[in-house]
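Thanks for making time this morning.

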Amino acid sequence: MEFRGHVLSEKATTLPREHYVSAEVFAKEQERIFRNRWIAAGRADRLRATGEYALAEVAGESLILVRDADERLRAFYNVCRHRGTRLCAEESGRLGKAIVCPYHSWSYGFDGALVAAPNMEDVPWFDRGDQSLFAAGVGTWQGFLFVHLGRRPPPLDEALRNLESRFARWNLARLATVRRIGYDVAANWKLLFQNFSECLHCPPVHPALARLSHYKSGANDLREGPVLGGYMTIDAAGGSLTTTGRMCGAPLGELDDADRGRVYYYSVFPGFFLTIQPDFVMSTRVTPLAVDRTRVECEWHFAPETLDDPAFDPTDGVALWDTTNRQDWRVCELAQQGVTSRAYVPGLYSRQESLLAAFDREYLKSLES
């Protein structure tokens with residue numbers, strides 16, 4: 001990995017107003033970006049056994065993620081083939097022997113095939129083989145679930161190639177999820193990405209975080225494309241970004257001294273953030289709901305051996321980041337209020353805001369492709 005400092009070398013400005021306030025632009029984003037990309041959908045450890053399921057929302061579509069009889073992951077549109085009724089209403093759970101429509105009891109196997117269709121026995125033109133649930137793409141990377149709405153999704157590994165071997169020593173695939181917090185943010189989703197991509201705001205907005213990690217420390221190694229980011233340093237030797245400044249879990253792997261003193265931040269376009277510390281990972285999923293409304297789901301993941309310690313308490317790490325998140329969402333909401341004004345015009349990026357300019361380039365390229 002080649003880390004370099006902030007390298008914005010030419011004039012760049014923030015996006016025009018319509019990209020934050022136009023319902024037409026938002027609809028275009030949903031169609032051209034979110035329906036054509038791999039989207040993070042939580043951790044695979046939520047679905048351990050046959051019939052366990054979780055719902056995911058992507059570009060206004062509800063998907064059912066489920067383990068089939070062979071314990072393979074499947075993804076289906078949450079739509080009955082009879083009259084379109086939503087099949088599953090709860091966010092997650094354990095199904096019986098089939099996915100059963102609550103309206104007329106059409107039933108589907110965990111492979112999506114129709115297994116029962118009451119009152120269709122005397123319909124000569126009815127072919128059960130043509131009535132399977134519509135499938136979506138599903139895959140895993142380092143224990144994280146991803147879904148794709150396209151008919152022929154590209155390989156997930158191709159989309160995440162820049163992250164392929166970066167975190168082998170952190171053992172991300174074996175981490176256990178211990179906490180999940182959801183947030184509703186009254187701001188455009190892109191403002192959250194841009195906020196994540198710089199820490200110039202950290203001293204005034206995140207004083208507790210700024211005391212633990214200098215806001216101008218570190219460097220970036222992914223500076224162009226759909227995956228952006230790098231690292232910042234943790235000031236205290238052997239410490240972490242927690243309310244006490246101490247580690248609250250076992251190290252995630254055989255980390256060298258450099259990695260024990262760093263926190264890595266990567267954004268994966270268009271809806272995923274990774275914050276990787278020596279002792280835990282925070283993953284963040286961003287789901288646009290409207291041009292000025294975004295749902296955020298944050299999860300905290302620790303090494304399994306940490307959970308075996310009777311004294312383990314994740315509160316120290318979760319609390320700092322929950323506070324930091326709420327501070328971020330508040331300033332993003334203020335930014336949304338500002339860019340809505342007719343007085344707003346695109347502003348100049350500083351040299352330290354190179355990742356924001358890179359995000360804008362990737363966004364505009366994807367929107368117009």
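Predicted model: local features only at pLDDT ≥ 70, side-chain atom pairs only at ≥ 80, totals over all residues.

Let me begin with a term: a residue is called buried when its relative accessible area is under 20%, exposed when it is over 50%, and partly exposed in between, using a 1.4 Å probe and protein chains only. Residues are numbered from 1 along each chain as its sequence is written, and side-chain values use heavy atoms, with hydrogens and water left out. Helices (H or I, at least four residues) and strands (E, at least two) are DSSP runs numbered from the N terminus, and two strands are said to pair if DSSP finds at least two bridges between them.

With that in place, consider β2, where five of the seven residues are buried, so that this strand is largely enclosed by the rest of the structure. Six bridges connect β2 with the antiparallel strand β3, residues 61-67, with Glu57 standing opposite Ser62, and the two strands form a hairpin with two residues between them, where Ala59 in the turn has a positive phi of about 50°. β2 also pairs with β5 (residues 92-94), again antiparallel, over three bridges, and there the bridge partner of Glu52 is Arg94.

Next comes an open sheet of seven antiparallel strands, in the order β11-β17-β16-β15-β14-β13-β12. Its edges are β11 (176-185) and β12 (219-222), each of which has a single partner strand, so one side of each is left without a neighbour in the sheet. Within the sheet, seven bridges join β13 (residues 227-233) to β14 (residues 262-268), and Tyr231 has Tyr264 as its bridge partner. Angles here run from 0 to 180 degrees between N-to-C directions, axes being lines fitted to C-alpha atoms, for helices over the stretch in contact, while contact means heavy atoms within 4.5 Å. Helix α10 (residues 354-368) lies across β12 and β13, running at about 165° to β13.

Finally, which residues of helix α2 are buried? In this helix, residues 23-34, they are Val25, Phe26, Glu29, Gln30, Ile33 and Phe34. Seen down the axis of α2, they fall within an arc of 145°, so they line one face of the helix, the arc being that of the directions from the helix axis to the C-beta atoms. Their cover includes α1 (18-21), β1 (39-43), β2 (52-58), α4 (189-196), β16 and α10. Glu29 is buried with a relative accessible area of 1%, and, leaving aside residues up to four places away in sequence, Glu29 touches His19, Phe34, Trp189, Lys190, Tyr363 and Leu367.
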